[in-house]
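Dear colleague,

Please find the structure below, handed over for your records.

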Amino acid sequence: MKIFGKYVFPRQIALMASGVLFLASTTYDVHRSIKNNETPPTPQQIQALQHFIDSKRPSP
């Protein structure tokens, strides 16, 4: 198959499409993580985290 005057194999098209999909999903995930971290944690989230940390700590 010829694209832009060059021979391109279907395997190359599949590889390019998967690379673009990977880049797009990674970019979206990073953007979503940054957006979710813009708000400070609520007191309930802080309390839940402290409770989790206390439950994982070995008792003396």
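Because D29 and R32 are three residues apart in helix 1, about one helical turn separates them. Helices here are DSSP runs of H or I with at least four residues, numbered from the N terminus. This is a predicted model, in which local features need pLDDT of at least 70 and side-chain atom pairs count only at pLDDT 80 or more, while totals for chains, interfaces and linings use all residues. Residues are numbered from 1 along each chain as its sequence is written, and side-chain values use heavy atoms, with hydrogens and water left out.

D29 and R32 form a salt bridge, with 3.0 Å between the closest N and O atoms. The term denotes a side-chain nitrogen of Lys or Arg within 4 Å of a carboxyl oxygen of Asp or Glu. The structure holds one salt bridge. D29 is partly exposed at 36% relative accessibility, and R32 is partly exposed at 40%. Buried means under 20% relative accessible area, exposed over 50%, and partly exposed in between (1.4 Å probe, protein chains only).

Helix 1 spans residues 10-36 and includes I13, which is partly exposed at 35% relative accessibility.

Q47 lies in helix 2, residues 43-56, and is exposed at 59% relative accessibility. Between Q47 and H31 there are 27 Å in space, C-alpha to C-alpha, and the two residues are 16 apart in sequence.

Yours sincerely

Note on methods. Helices (H or I, at least four residues) and strands (E, at least two) are DSSP runs, numbered from the N terminus.
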